[in-house]
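Colleague: I'm new to reading protein models. Could you walk me through a few features, one at a time?

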Amino acid sequence: MQPRDRRLCCSLVVVTLLLCLSGARQSAPSSAARGSDLSTGKPGEAHRRVKRGWVWNQFFVLEEYTGTDPLYVGKLHSDVDRGDGSVKYILSGEGAGSIFIIDESTGDIHATKRLDREEQAYYALRAQAVDRITNKPVEPLSEFIVKIQDINDNEPRFLDGPYVTSIPEMSPVGIIRTALPNMDREAKDRYLLVIQAKDMVGQMGGLSGTTSITITLSDVNDNPPHFSRRFYQYNVPESLPVASTVAKIRALDDDIGPNAEMEYRIIDGDGLSVLKIETDMETQEGIVTLQKELDFEKKSSYTLKIEVTNKNTDLRLQALGPFTDTTTVKLVVEDVDEAPEFNSPLYKMSVSEAASVDTAIGTVSAHDPDTANSPVRYSIDRNTDLERYFNIDATTGVITIAKSLDRETNEEHNITVLAMESQNPAQIGRGFVLISVVDVNDNSPEFPTDYETFVCENSNHGK
């Protein structure tokens, strides 16, 4: 046995014996029998006589004894025992023989195993003194309790750790107090805390346990949207069809989720009837689209003032606003080489069927809408004039008769006139001409068939 364990063992014996003496004085006899004493075994100590029977109290043993020798628990003694070895002590009950052993001659009880109060707080044992030769009881069987005294051998434990929780940024002081005011998720969104719990009210010699708490700052709408630039410019070809996207702009918002949702609208500019803006809810972009066709020759640019606002605002944080921003968008319309355009979508002309060849019927006119204003040359789409009744002057656009007309054969002619840029023949415009043939009295009456009839020779006049 180590000196330290020997000193501890001796201290435990003294404490145990004192407790036993105290308990013996306070307890009453448990059964009627021959007289007996509970003795400390100390030399020269007087025995207190009582009625026949064992007088027991509780024994106390500290848990978690780590010495190499058995731990002394206490001593059983009967006043019948004169120390000549004629009395034998027997121990039974919980743990007897396995945990607790007794010296059958002296009555000394020892614990042979380390005890844990958290597993079992006490043991109920029975003791008996018998004559060693006859094996007959000299004291009746009596019960006593060995109580396991607690020591501080279990540190505090957090049952559900580690913990994960979330609190809104900018939160007021709570149970876990923040060391910094106005904690900002956009600066740091997660904190790891280590929490320690100490027993014995934190006094020296106490045990401690730790756990971790991960605190995530959830987002609040404390950041207004803002454009990264005050001016955007986009070039758009004038040939772009209606409903096409001409520009995409996106404001920035440091918040996330619903707090970063935005709405765009045009609040000023000269393109309100030509352009519109909508919000793409997936990308949070402002999508500018065409409502009408563009024409470089009529208007070469448009300027819009666009506003962005947060869709969801927190009234408690309005002082951090305003939660809106504006920017300017300029759309420059690019000139595209366009086909010649006719002055009228449909020309209506009429001509007598008696008109002679080369008679002028009418004139069509087209022009190049581009700023270059290239000269235009005309021709007839022969797929619409297979019989070649008409000609057109390539320079002037005058339509003349190329072949005699007959209203009775065809009273209307629908022809297509082509106008091509002289500088770029691939650019072709189309005009439509309806020519009506006017009737003249050029056909004598004719019976549709030969008629034959019969008359009686005696018929009267008028019949």
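Modeller: Let's start with a pair of strands. Strand S23 (residues 390–392) and S24 pair in the antiparallel sense over three bridges. Strands here are DSSP runs of E with at least two residues, numbered from the N terminus, and two of them pair if DSSP finds at least two bridges between them. Keep in mind that this is a predicted model, where local features need pLDDT of at least 70, side-chain atom pairs count only at pLDDT 80 or more, and totals for chains, interfaces and linings use all residues. Residues are numbered from 1 along each chain as its sequence is written, and side-chain values use heavy atoms, with hydrogens and water left out.

Colleague: Which residue stands opposite Asn 391 in S24?

Modeller: That's Thr 400. The hairpin of S23 and S24 has five residues between the strands, and Gly 397 in that hairpin takes a positive phi near 80 degrees. S24 also pairs with strand S20 (residues 360–363), in the antiparallel sense over three bridges. There, Gly 362 has Ile 399 as its bridge partner.

Colleague: How do I read a sheet, and what is the order of the open sheet of four strands?

Modeller: Strands of a sheet pair through backbone hydrogen bonds, either parallel or antiparallel. Here the order is S19-S26-S25-S22, with mixed pairing. S19 (346–352) and S22 (376–380) each have a single partner strand, so one side of each is left without a neighbour in the sheet. Within this sheet, S22 and S25 (residues 412–421) pair in the antiparallel sense over five bridges, and Ser 379 stands opposite Leu 418 in S25.

Colleague: What about aromatic pairs: how many does a search of the whole structure find?

Modeller: Rings of Phe, Tyr and Trp (its six-membered ring) pair if their centres lie within 6.5 Å; planes under 30 degrees apart count as stacked, over 60 as edge-to-face and the rest as tilted. The search finds seven pairs. One of them is Phe 59 with Phe 144, edge-to-face at 5.3 Å centre to centre and 80 degrees between the planes. Phe 59 lies in strand S1 and Phe 144 in strand S7, so the pair ties together parts that are 85 residues apart in sequence.

Colleague: Is Phe 59 buried or exposed?

Modeller: Buried means under 20% relative accessible area, exposed over 50%, partly exposed in between (1.4 Å probe, protein chains only). Phe 59 is buried at 2%, and Phe 144 is buried at 3%.
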